[in-house]
Amino acid sequence: MADADRPRLDPDGLDLRAVSRHLTALLTKRVGADQLTLVEDAVQDAFVAALRTWGTQGTRPADPVAWLYRAAWHRLVDQFRRVSHASLDVDAPVSVADPNPLPLAEGHPDAELRLVLLCCHPTLSAESQVALTLKIAAGFSVPEIARLLGAAPDAVEQRLVRAKRSLRQSGVGLDPPRSELSRRSVVALDVLYGMFSEGYASLTAPTGLRRELCVEALRLIHLMLAEPATASPAGHALAALFAFHLSRLDARFDDAGVFQALGDQDRQRWNRKAIAVGLDHLRRSTGGPALTRYHLEAEIASCHAVADSYAATDWTRIIGLYDALLEQWPTRTARLARAVAIGERDGPRAGLAALDGLPGSEGDPIHLAAIARCWERAGEHERAALWYRRALDAASVPGIRRTLQAALRRVGQADVQIEPQTDVGSARVDPS
């Protein structure tokens, strides 16, 4: 994550989000998952106290994380003593005077991983799992989550309250039994897949990209793979998929901020280190008995990553992989991508035939643009313009609209005005 994207507690550069999730993980591990709301309040109060105290004194302590931990712990003890908690020892399970937290540089991967698995409890809805993971395990604020997920802050707040109440009433702990660990890990991979997908191809962001979601999904998948209990072939396949997609981030927009389709991207701008990381994860994903959607999607992405040019892409293999994917997950997105691949292998007329009749074309700017692209490749620019305009009418994301406006100009609609550029920011992400 770029420095500009990191919340700061003070000018000296303490990373608010990293410290928040670090303290939340440590304290929740000590007092239990049923006290999650109180832990969050205590951590927030500690930050407020730091802003007041450090600002007044004009300096910060030698170990600011330990200071914040102690402040949060004192706050927790105060809350426990005010409220009757039959299952809690109000005299504290750890010394308030010397809590001995781990340094921030070391982190606490075990405690953080427990939080991820807690947030991904199977009893919660998929929407709640994503929101809770972003809030608890990733340290995002409610307004940030609302912006990232395209939801109202009040709706996100209520979703979080209901999710935490459900966990509290269910009596779930931070240590899932072995019989449940595998299932919980599978759910966690689904959550990270959804988080990354919204970040990489957002339907709510002005540019179509939410880099911070990609970064956080990448950090959490590395966290899972680092622990033997949650590392899995499917996890490596998902990490491979992330790496292959991230390798193309720098090439997804031209210098004018217009989105570039895969065939139009400058492959010299692809991150070869990310591709190498993806290939390594893909090799490590072959050790299990199950072939998951992550394996198939990572294989498809690898076909693009290793091709010397768009024309050299192995479209026959890609179509076969989409056929296998559709047998398990017959999604509209996979059907659309397969139809586009047929058009690339067999020509634009074959692509149009494959696209014809697919459900969901009306109102989907991506589907409508795929039809327009086929007509453009067939040299039928008037028909292409008609479909590009339909796609433009259906598009609401500024980044997608700019791309369609540029396409209309390309097929001879010179009167089309391209909307002002939205800053796409630095797209480079280190996948390792």
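These legends go with close-up views of a predicted model.

**View 1. Helices H10 and H12 meet.** Here you can see H10 (residues 233-246) and H12 (residues 293-306), whose axes come within 8 Å and cross at roughly 35°. The crossing of H10 past H12 is left-handed. On the H10 side, the contact is made by Pro233, Ala234, Ala237, Leu238, Ala240, Leu241 and Phe244. H12 brings Tyr294, His295, Glu297, Ala298, Ala301, Ser302 and Ala305. Sort the residues of this contact by type and you get eleven nonpolar, two polar and one charged.

**View 2. The largest nonpolar core.** This core has 69 residues, and Leu132, Leu192, Ile221, Leu238 and Phe242 have the most contacts inside it. Helix H8 (residues 178-200) gives the most to this core, with ten residues. Apart from it there's another core, of 26 residues, including Leu336, Tyr388, Leu392 and Ala407.

**View 3. Around Leu132.** Skip the neighbours within four places in sequence, and Leu132 is in contact with Cys119, Leu124, Ala137, Leu160, Ala163, Lys164 and Leu167.

**View 4. Helix H5, end to end.** H5 covers residues 126-137, and at 1.5 Å a residue its twelve residues should span 16 Å. The end C-alpha atoms of H5 are 15 Å apart, which agrees. How many residues of H5 are buried? Nine of the twelve are, so H5 is largely enclosed by the rest of the structure. Leu132 is one of these buried residues, and others among them are Ser128, Gln129, Thr133 and Ile136. After H5 comes Gly139, which has a positive phi, near 80°.

Key. Residues numbered from 1 in each chain as written. Predicted model: local features only at pLDDT ≥ 70, side-chain atom pairs only at ≥ 80, totals over all residues. Heavy atoms only, no water. Axes fitted to C-alpha atoms, helices over the stretch in contact; angles between N-to-C directions. Helix = DSSP H or I, 4+ residues; strand = E, 2+ residues; numbered from the N terminus. Left-handed = near helix turned anticlockwise from the far one by under 90°. Contact = heavy atoms within 4.5 Å. Nonpolar A, V, L, I, M, F, W, Y, C, P; charged D, E, K, R; others polar. Core = buried A, V, L, I, M, F, W, Y, C linked by side-chain atoms within 4.5 Å. Buried < 20%, exposed > 50% of the residue type's maximum accessible area, 1.4 Å probe, protein only. Expected span 1.5 Å × (residues − 1).
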